[in-house]
Amino acid sequence: MQTRLRLLGWMARRFGGSKPRAMNLEGTLAMLPDSSLFPLYRDGLDPVPQLTEKPPVSRLPLPLGIRAWLVTGHEQVRAVLGDGGAFSNDFGKFAAKVGLTAGEQPGGLGMTDPPMHTRLRRMVMPEFTMHRLARLRPRIEAIVDDRLDAMAATGGPVDLWQEFALPVPALTICELLGVPYEDRDLVQKFSAARFDLGDGAYAPLDAINESRAYLRDLVADQRRRPGDGLIGSLIAAHGDELSDQELAGLADGVLTGGLETSASMLALGALVLMTQPGLAAPLRAGEPADALVEELLRYLTVVQVGFPRFAVRDLELDGASIKEGDIVMCSLIGADRDGVLGPGMDVIDAGRATSRSHLAFGHGLHRCVGAELARMELRIAYPALVRRFPEMRPALDPASLPMRRASIVFGLEALPVALVGPATH
Ligand code: HEM
């Protein structure tokens, strides 16, 4: 039971923004047997056969007799994510059932149902419209150029994860939230520390706590002097309805939801562009990156599973009899590699007609609020990277690069690259 609570709690924190718990993800997932974890495994960049060979809806074995289902078929995943009436995200509804106290309910966007979800989402959405996001474009371009300059100044080799993939989304989210310039080094520091296991498994947890404490201070500060980002806008429009704690929670949900996901897409996408040079050539020639970005989102689908859903009543899904209260896990990577989308889904084809039907940002009520921002980052960053360093290549055999194992957000732990080709260096 504790295992399930910790796993669900972590997922809630990732997008919802709530108080810290006693265990980090590595500790939590290490407690689950392999037979439960295979939806989070990859074979290189591909899902493991154990996942792709499953029928579209199957039982997911979890310890302690917890009833859970794994949905891997594209149509079936779309059906679950799109049916907020039959599947609930509200962990609170199940709190008593699983022995949680009210104070432990994670809350936030990702693990709430309407009307609470509708209320919170309506508050943050205005900052994510194309009109509001347009103000970020020149800032993202400047952030990307700065990072490329910093990489070039080293002469290489560099760790692309630390020097590019992580700081670009961290600084973009600073812009979005309205973090003052003088604090950005600090935000970058704890953003990097979230992924740094070098100081022991608890270092990332400390960094998460540090970032929450910082955001609470920032909210209190902006109550007095509202800034021009998401936090300032929320205070201006809803300052009376939201406590500092709720505001900091929303900001933290945006930071956690937008950081690891975009960073992983940047690093893995860069790896693909280095190892499949035919994909980078059109970007270097100035062709728009939009179609390739969609196909990379589909192919990599870094958020491997969506938030857990709970069946609100007994129902049938693709012949499976799901009972009220059962957990339903949707494999987004399974759905995005499903052959119903066309042939050869394990190959990157930017001309594929079905690329945009991917579920990498989810679907339905909880579809990613940051999708357009993430697209903007990727569309700016990939072309800039391959143009600045046309000869860039992995400094290690790609097969031996350190990948995160059994992680809900799939990704690399480091990406050492040489910036110039062997012939010129
Ligand atoms: C490539 C980058 C990204 C990917 C692949 C991604 C993926 C996802 C997915 C799959 C979901 C829905 C999960 C579900 O329904 O079970 C989601 C929700 C969410 N994402 Fe993203 N995301 C990305 C970037 C961002 C960014 C940049 C932000 C904010 C700055 C963000 C904030 C959120 C939030 C707050 C939610 C919860 C929405 C809700 O429950 O209504 N994400 N994301």
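Three helices, α7 (116–124), α15 (244–275) and α19 (371–388), each supply at least two residues of the shell around the ligand. Helices here are DSSP runs of H or I with at least four residues, strands are runs of E with at least two, and both are numbered from the N terminus. The largest share of the shell, 6 residues, comes from α15.

Before going on, this is a predicted model, in which local features need pLDDT of at least 70, side-chain atom pairs count only at pLDDT 80 or more, and totals for chains, interfaces and linings use all residues. Residues are numbered from 1 along each chain as its sequence is written, and side-chain values use heavy atoms, with hydrogens and water left out.

How many residues surround the ligand? There are 30, and the closest are H117, R121, R309, H366 and C368. By class, the shell has 18 nonpolar, 10 polar and 2 charged residues. Nonpolar covers Ala, Val, Leu, Ile, Met, Phe, Trp, Tyr, Cys and Pro; charged covers Asp, Glu, Lys and Arg; the others, Gly among them, are polar.

Now the iron. Which protein atom is the donor of the iron atom of the ligand? The only one is SG of C368, at 2.3 Å. Donors are N, O and S atoms within 2.8 Å of the metal (3.2 Å for Na, K and Ca), and sites may look incomplete because water is not among the atoms. C368 sits in the loop between α18 (332–336) and α19.

Next, the polar atoms. In the side chain of R309, an N or O atom is 2.6 Å from an oxygen atom of the ligand. From the backbone, an N or O atom of L109 lies 3.4 Å from a ligand oxygen, and a polar backbone atom of G257 is 3.4 Å from a ligand nitrogen.

On to the loops. The peptide bond from P114 to P115 is cis, with omega near 5°, and P115 is in the loop between α6 (95–98) and α7. Another cis bond runs from G156 to P157, with omega near -5°.

T301, which is not glycine, has a positive phi, near 25°. T301 lies in the loop between α17 (290–300) and β7 (309–311). Is T301 buried or exposed? T301 is buried, at 0% relative accessible area; buried means under 20%, exposed over 50%, partly exposed in between, with a 1.4 Å probe and protein chains only.

Lastly, the chain has 19 helices and 12 strands, and 57% of its 425 residues count as buried.

Key. A residue is near a molecule or strand if one of its heavy atoms lies within 4 Å of it. A polar contact is a pair of N or O atoms within 3.5 Å; within protein, one must be able to donate a hydrogen and the other to accept it, and residues adjacent in sequence count only if both atoms are side-chain atoms.
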